[in-house]
2 protein chains.
Amino acid sequence: MGDVAREIHTAGGGSADAPACSIQASLDILGDRWTILILRDAFRGVRRFADFQRDLQIARPVLTDRLKRLVDAGVFQKQLYCERPPRHEYRLTAMGMALSPALVALMRWGDEWLSGGQAPTVLVHEPCGHPLDQQFVCWECDETFTPHEIASRPGSGTPAGFDTDTDTETET
Amino acid sequence: MGDVAREIHTAGGGSADAPACSIQASLDILGDRWTILILRDAFRGVRRFADFQRDLQIARPVLTDRLKRLVDAGVFQKQLYCERPPRHEYRLTAMGMALSPALVALMRWGDEWLSGGQAPTVLVHEPCGHPLDQQFVCWECDETFTPHEIASRPGSGTPAGFDTDTDTETET
DNA sequence: GTACTTGGTTCGGATTCCGAACCCACTACG
DNA sequence: CGTAGTGGGTTCGGAATCCGAACCAAGTAC
């Protein structure tokens with residue numbers, strides 16, 4: 001095994017144009033050291049160029065480029081919020097908001113494995129104020145489950161199939 | 001508004017050493033174009049240097065470096081699986097497996113927003129074979145909810161507080 | 001008309017990335 | 001024993017990227 005993975009990749013991932021995996025597609029947009037931090041700030045409510053710049057200590061040209069790319073990708077929307085002195089802000093679109101689970105997952109991972117559980121910021125369920133959890137859910141079985149119960153299947157475009165539960169006992 | 005976010009950052013994010021946000025900490029390890037793809041492969045069952053290399057078409061030195069970094073970070077564990085010709089493999093540790101939600105989130109985002117719903121690979125709940133979902137869960141309220149119901153709070157290390165639900169109506 | 005703010009762009013220099021080529025240990029084979 | 005082949009790297013120089021500083025431009029405040 002390992003052949004399986006290669007096979008799947010060879011089969012579906014001729015790398016013609018669309019990558020075999022959406023992760024790759026996502027990374028084409030997000031795969032850069034700054035982009036995700038910019039998005040994190042956006043989720044925190046930052047919207048203006050200068051605020052991003054101040055927060056992130058990012059070089060202006062780089063920020064300009066990243067914002068432009070994110071706007072082009074449809075993650076951000078550039079809006080004039082003041083006409084007299086022309087000022088605009090970058091707001092998350094629905095596409096951008098949809099990145100929330102990814103950002104949250106990254107944050108939780110960092111909290112747990114890098115900050116020793118000392119989460120600098122804790123996310124909570126707003127109505128009740130209790131910490132939130134992020135889970136895999138199967139609406140058929142109506143239950144949550146762990147990564148070990150995930151298998152994968154070919155989608156539209158991938159002829160062959162395999163599953164990933166082989167790494168179930170990776171670290172025992 | 002927008003001030004709130006700046007305020008929180010100024011307060012908690014002096015950037016002394018530990019970043020104000022675990023996302024940043026995570027990105028210090030994962031924030032590179034290849035690392036996440038390597039992890040994706042790992043989740044697919046790839047474990048050997050040559051297989052990663054073949055799959056990703058990544059330059060050898062870069063792969064060497066990334067694997068080493070991931071091993072140092074504790075995401076991978078380097079193991080000898082054959083002694084006579086010394087061969088080793090890179091396996092995900094518990095820490096690595098814990099990245100599953102992040103990878104899944106990225107993949108689902110790519111599926112939905114970049115591949116037009118034409119998911120190259122579909123993740124399913126293994127026992128039943130139905131597609132999985134990923135949700136925010138509040139175990140207090142015992143319900144799932146959307147990003148709009150997320151608020152954030154200072155954790156251990158962040159003096160001031162704010163919330164993010166201000167972007168609730170970002171794209172209406 | 002001078003200063004200040006927001007939101008940039010241009011311009012080198014310093015990093016970092018990466019691909020090609022080389023290296024080493026070991027096995028297979030004749 | 002000598003040659004080829006494979007897994008797993010390292011070294012090296014060119015290319016892309018990052019970034020800091022400086023400059024620009026529109027508008028407002030005084």
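Cys138(A) stands opposite Glu143(A) in β5(A). The model is predicted, so local features need pLDDT of at least 70 and side-chain atom pairs pLDDT 80 or more, while totals for chains, interfaces and linings use all residues. Residues are numbered from 1 along each chain as its sequence is written, with chains lettered from A and ligands numbered from 1 in the order in which they are written.

Strand β4 (residues 133-138) of chain A runs antiparallel to β5(A), and 3 bridges join them. Strands pair if DSSP finds at least two bridges between them. Helices (H or I, at least four residues) and strands (E, at least two) are DSSP runs, numbered from the N terminus. The open sheet holds 4 strands in the order β5(A)-β4(A)-β5(B)-β6(B), with antiparallel pairing. β5 (143-145) of chain A and β6 (143-145) of chain B stand at the edges; each has a single partner strand, so one side of each lacks a neighbour in the sheet.

Helix α7 (residues 100-114) of chain A meets helix α7 (residues 100-114) of chain B. Their axes come within 8 Å and cross at roughly 165°. Axes are lines fitted to C-alpha atoms, for helices over the stretch in contact, and angles run from 0 to 180 degrees between N-to-C directions. α7(A) is therefore roughly antiparallel to α7(B) (an angle over 145 degrees). The contact (C-beta atoms, placed from the backbone, within 7 Å) includes Pro101(A) and Trp109(A) of α7(A), and Pro101(B) and Trp109(B) of α7(B).

Around DNA strand C there are 19 residues, of which Arg48(A), Thr64(A), Ala59(B), Arg84(B) and Pro85(B) come nearest. A residue is near a strand if its C-beta atom, placed from the backbone, lies within 6 Å of it.

Notes: Parallel < 35°, antiparallel > 145°, perpendicular 65-115°, else oblique. Contact = placed C-beta atoms within 7 Å.
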